[in-house]
Amino acid sequence: MNDSLTKDEYDALFQITKLKRGERPNACVARNTKRLIGLKYAAFEKSGQLILTEKGQTTLFIKRCIDGLRAVANDPLTKLDTGVATFLSKKGHIIPRPSGDGFDITQRGQESLADIDSKTAPKDV
């Protein structure tokens with residue numbers, strides 16, 4: 001089974017995190033629920049509440065990190081979420097700018113982005 005998610009499925013994962021107790025999921029979440037549960041990104045609690053699994057939470061965090069790395073590559077003054085900035089800094093993908101505002105992408109970060117882009121690029125048939 002293919003675990004790659006579509007943009008709509010990523011959006012549904014994010015929206016699941018915003019669901020309040022007892023709230024009905026919107027159309028985006030509803031149309032993607034079956035696949036997300038099948039891939040173990042989401043699950044229903046005993047109460048019937050739709051929640052993200054640990055796999056779903058990890059996937060969203062990784063997506064936020066990749067998006068943050070791309071944002072820094074395009075604009076060093078981009079504001080990053082604290083958790084994302086900490087993770088990318090610890091992994092050596094970004095470093096704080098000497099001026100104190102924003103981040104610079106490292107060689108390792110550029111290589112990681114190139115690797116990610118090469119894996120997600122459409123394949124010629």
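A pocket is an open set of points on a 1 Å grid over the protein atoms alone, with protein on both sides within 12 Å along at least five of seven lines, and lining residues have an atom within 4 Å of a point. Its volume is the space filled by probe spheres set on the points, which are joined across faces, edges and corners. This is a predicted model: local features need pLDDT of at least 70, side-chain atom pairs need pLDDT 80 or more, and totals for chains, interfaces and linings use all residues. Residues are numbered from 1 along each chain as its sequence is written, and side-chain values use heavy atoms, without hydrogens and water.

Q: How much space lies in the second largest pocket?
A: About 160 Å³. Its lining includes Phe 61, Phe 87, His 93 and Ser 112.

Q: What makes up the lining of the second largest pocket, by class?
A: Eight residues are nonpolar, two are polar and none is charged. Here Ala, Val, Leu, Ile, Met, Phe, Trp, Tyr, Cys and Pro count as nonpolar, Asp, Glu, Lys and Arg as charged, and the others, Gly among them, as polar.

Q: Which helix supplies the largest share of the lining of the second largest pocket?
A: α3 does, with five residues. Helices are DSSP runs of H or I with at least four residues, strands are runs of E with at least two, and both are numbered from the N terminus.

Q: What is known of the largest pocket?
A: About 500 Å³ of space lies in it. It is lined by 15 residues, and Leu 5, Tyr 10, Ile 66, Ile 116 and Thr 120 are the closest to its centre. By class, the lining of the largest pocket has five nonpolar, four polar and six charged residues. Its largest share, six residues, comes from α3.

Q: How many aromatic pairs does a search of the whole structure find?
A: One. Phe 61 and Phe 87 form that pair, at 5.5 Å centre to centre and 80 degrees between the planes. Phe 61 is in helix α3 and Phe 87 in helix α4, 26 residues apart.

Q: Why does Gln 15 count as buried?
A: Buried means under 20% relative accessible area, exposed over 50%, partly exposed in between (1.4 Å probe, protein chains only). Gln 15 has 18%, so it counts as buried. Gln 15 lies in helix α1.

Q: What makes Phe 61 partly exposed?
A: Its relative accessibility is 25%, so it falls in between. Phe 87, at 35%, is partly exposed too.

Q: Why is Lys 40 called exposed?
A: Its relative accessibility is 57%, so it counts as exposed. Lys 40 lies in the loop between α2 and β1. Lys 40 has a positive phi of about 70 degrees, although it is not a glycine.

Q: How do you know that the charged end of Lys 55 sits over the ring of Tyr 41?
A: The rule asks for NZ of Lys or CZ of Arg within 6 Å of the ring centre and within 35 degrees of the ring normal. The charged end of Lys 55 is 4.7 Å from the centre of the Tyr 41 ring. Lys 63 lies over the face of Tyr 10, at 5.2 Å from the ring centre.

Technical notes: On a 1 Å grid over the protein atoms alone, a cavity is a set of points where a 1.4 Å probe fits but cannot get out, and a pocket is an open set with protein on both sides within 12 Å along at least five of seven lines; lining residues have an atom within 4 Å of a point. Rings of Phe, Tyr and Trp (its six-membered ring) pair if their centres lie within 6.5 Å; planes under 30 degrees apart count as stacked, over 60 as edge-to-face and the rest as tilted.
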